[in-house]
Amino acid sequence: MNIEPVVGSTFDHAFRFTQEQVIQFAELTGDNNPLHLDADYAATTSFKRPIIHGMLGTTVFTKVLGTEFPGFGSIYLKQTVEYLRPMFVETDYKAVFTIKTIDPVKHIAEIATDIIDVNTKKVVTRGIATMINQEKF
């Protein structure tokens, strides 16, 4: 990914999750809340169907920031997150990243991290990642 490391640069990453990935995440973390795993239970909630774990959704941030931009050698210092709407399996999403600040002395950048539902165009998750990368910032 060839991103110019300047304030205002933006880039995105398309993704979706399967129910199998939700099950694997539940097994890995131990979060077996039936809201994520049991369609009959989820039908009794305001969501009417199982939702993805919020933390599973935000794993896209570490994937992109750690491997694509700023990429290898990056260190996560902080991530704020607001879960605004539920996420569902087999739904197309787009993670949008925007460089907000860069401190070239400390090699630190703050990058806005948003997840957008491709169909509704609504932001479902938003936050700010604080990253250090000696080469990029």
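This dialogue walks through a predicted model of one protein chain, feature by feature.

Visitor: What should I know about the model before reading it?

Guide: This is a predicted model, in which local features need pLDDT of at least 70 and side-chain atom pairs count only at pLDDT 80 or more, while totals for chains, interfaces and linings use all residues. Residues are numbered from 1 along each chain as its sequence is written, and side-chain values use heavy atoms, with hydrogens and water left out.

Visitor: How many helices and strands are there in the chain, and which pattern does the chain follow?

Guide: Helices (H or I, at least four residues) and strands (E, at least two) are DSSP runs, numbered from the N terminus. Here the chain has four helices and five strands, and along the sequence they follow the pattern β-α-α-α-α-β-β-β-β. The C-alpha atoms fill a box of roughly 55 × 30 × 20 Å, taken along the principal axes.

Visitor: How do I read burial and surface for the chain as a whole?

Guide: A residue is called buried under 20% relative accessible area, exposed over 50%, and partly exposed in between, with a 1.4 Å probe and protein chains only. By that rule, buried residues make up 39% of the 137 residues in the chain. Accessible areas come from the Shrake-Rupley method with a 1.4 Å probe, and for residues only the protein chains shown count as cover; the accessible surface of this chain comes to about 7700 Å², of which 55% belongs to carbon and sulfur atoms.

Visitor: How is the angle between two packed helices read?

Guide: Two packed helices are described by the angle between their axes and the distance between the axes. Axes are lines fitted to C-alpha atoms, for helices over the stretch in contact, and angles run from 0 to 180 degrees between N-to-C directions. In this chain, the axes of helix H1 (residues 19-29) and helix H4 (residues 54-67) come within 10 Å and cross at roughly 105°. Angles under 35 degrees count as roughly parallel, over 145 as roughly antiparallel, 65 to 115 as roughly perpendicular and the rest as oblique, and H1 and H4 are therefore roughly perpendicular to each other. The contact (heavy atoms within 4.5 Å) is made by Gln21, Val22 and Phe25 of H1 together with Met55, Leu56 and Thr59 of H4.

Visitor: How should I read the backbone angles in the loops?

Guide: Most residues other than glycine have a negative phi, and most peptide bonds are trans. Lys48, in the loop between helix H3 (39-43) and H4, has a positive phi of about 70° although it is not a glycine, and Lys48 is exposed, with a relative accessible area of 55%. Lys121 also is not a glycine and has a positive phi, of about 65°; Lys121 sits in the loop between strand S4 (108-117) and strand S5 (123-132), where it is exposed at a relative accessible area of 62%. As for the peptide bonds, a cis bond joins Phe69 and Pro70, with omega about -5°, and Pro70 is found in the loop between H4 and strand S2 (75-83).

Visitor: How can contacts show which parts of the sequence meet?

Guide: Among contacts between residues at least 6 apart in sequence, 65% join residues at least 24 apart. Leaving aside neighbours within four places in sequence, the contacts of Phe97 include Ser9, Phe11, Val60, Phe61 and Ile111.

Visitor: Is Ser9 buried or exposed?

Guide: Ser9, in the segment before strand S1 (10-15), counts as buried at 13% relative accessibility. With neighbours within four places set aside, Ser9 is in contact with Ile3, Glu4, Phe97, Thr98 and Ile99.

Visitor: Which residues is Thr130 in contact with?

Guide: Thr130 lies in strand S5 and counts as buried at 12% relative accessibility. Beyond neighbours within four places in sequence, Thr130 is in contact with Ile75, Tyr76, Leu77, Lys78, Ile108, Ala109 and Glu110. Thr130 and Leu77 are 53 residues apart along the chain, yet their C-alpha atoms are separated by 5.4 Å.
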